[in-house]
Amino acid sequence: MRAPIRSDALDQAAGLRRLFAAREKRLVPLVANPLLRESSVLLERLASTLAEDGARLLVVDAADSSPAPLELADIDLPACIEPLGRSVRYLAARGLPRRHVDPRGSSQAWLSAVEQAAPDCDVVLLHASARDLVRMLGQREVRPVVLTGVDSASLTDAYASVKLLAQRSQLRTFDLLISEAGRPQRAEASAQRLASTADSFLGAVLLHHACVDARQPAAAPLPLALQRLGRAQLGRAQHASAVADEPHDHAAPVPGAPALSALLY
């Protein structure tokens with residue numbers, strides 16, 4: 001007959017699970033779109049949303065349009081991470097994922113090193129092209145946030161990114177962040193068109209989307225749809241559902257939260 005498990009052993013196991021769960025970082029991949037002029041604004045808006053919701057954030061900016069990394073990046077990553085405001089850290093990382101590809105064509109080890117280089121951050125916002133994300137993500141179960149505008153060229157690039165991530169990383173759910181360019185109805189129609197095409201041809205599902213007017217000042221309230229998207233990415237679905245019931249069009253910014261647009265780029 002098996003001896004009963006002591007309650008103190010159960011308590012210890014539960015404590016260990018909580019300890020390691022607390023150390024696990026949440027990864028938010030942001031798919032770069034080279035044909036979108038407002039990419040830096042959308043990056044800032046998403047980073048602001050995550051930070052205002054309480055995340056201690058590391059922004060890893062590895063898109064082809066991002067700033068060049070510091071010379072120390074290959075030997076001392078922590079020294080290259082720059083603080084931005086109260087709860088945001090920033091790493092300029094253009095080209096770094098491709099400089100750290102292993103013989104199997106993977107950059108997963110480099111991404112793990114980046115995550116370990118910022119132990120005080122619990123969320124990593126990883127801005128990179130779809131091809132670099134495929135090398136870094138491997139088989140991680142994450143939901144990419146795809147960037148696009150309302151023009152045909154950027155929508156085509158967004159669809160190509162969804163296709164690459166679906167076929168090579170088996171990631172068949174995604175979120176969408178749209179620069180509406182003062183045309184909110186066209187932005188909504190573009191989201192529906194991309195969602196329908198991705199579902200029909202790739203079996204990929206759009207879960208959340210948000211339209212952002214990049215002409216708004218950095219201190220303007222963040223759209224509720226963007227708040228919902230951010231909270232869903234953080235795994236706070238219940239909170240996101242509560243926000244969905246709010247009657248207002250925008251959520252008020254957190255008092256004292258710094259606008260990241262003054263700090264990024």
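**Note on helix packing, a cavity and model confidence**

1. Helix H2 (residues 39–52) packs against helix H9 (residues 224–233) at an angle of about 65°, and their axes lie 9 Å apart. Helices here are DSSP runs (H or I, at least four residues), and strands are too (E, at least two), numbered from the N terminus. Axes are lines fitted to C-alpha atoms, for helices over the stretch in contact; angles run from 0 to 180 degrees between N-to-C directions. H2 passes H9 in a right-handed crossing, with the near helix turned clockwise from the far one by less than a right angle.

2. This is a predicted model: local features need pLDDT of at least 70, side-chain atom pairs count only at pLDDT 80 or more, and totals for chains, interfaces and linings use all residues. Residues are numbered from 1 along each chain as its sequence is written, and side-chain values use heavy atoms, with hydrogens and water left out.

3. Which residues of H2 and H9 make the contact? H2 supplies Arg45, Leu46, Thr49, Leu50 and Glu52, and H9 supplies Leu226, Gln227, Leu229 and Gly230. Contact means heavy atoms within 4.5 Å. Four of these residues are nonpolar, three polar and two charged. Nonpolar covers Ala, Val, Leu, Ile, Met, Phe, Trp, Tyr, Cys and Pro; charged covers Asp, Glu, Lys and Arg; the others, Gly among them, are polar.

4. H7 and helix H8 (residues 184–202) pack at about 35°, with axes 11 Å apart. Their crossing is also right-handed. The H7 side of the contact includes Leu155 and Tyr159, and the H8 side includes Arg193 and Phe201. The contact residues divide into eight nonpolar, three polar and two charged.

5. The count comes to one cavity of 30 Å³ or more. A cavity is a set of points on a 1 Å grid, over the protein atoms alone, where a 1.4 Å probe fits but cannot get out; lining residues have an atom within 4 Å of a point. The largest cavity holds about 40 Å³ of space. Its lining includes Val162, Arg172 and Phe174. Helix H7 (152–169) and strand E7 (173–179) each supply at least two lining residues.

6. Mean pLDDT (the predictor's confidence in each residue, from 0 to 100) is 87 for the chain, and 80% of residues reach 70 or more. Residues 17–22 stay under 50, with zero contacts beyond four places in sequence.

Notes. On a 1 Å grid over the protein atoms alone, a cavity is a set of points where a 1.4 Å probe fits but cannot get out, and a pocket is an open set with protein on both sides within 12 Å along at least five of seven lines; lining residues have an atom within 4 Å of a point. Grid points are joined across faces, edges and corners, and a volume is the space filled by probe spheres set on the points.
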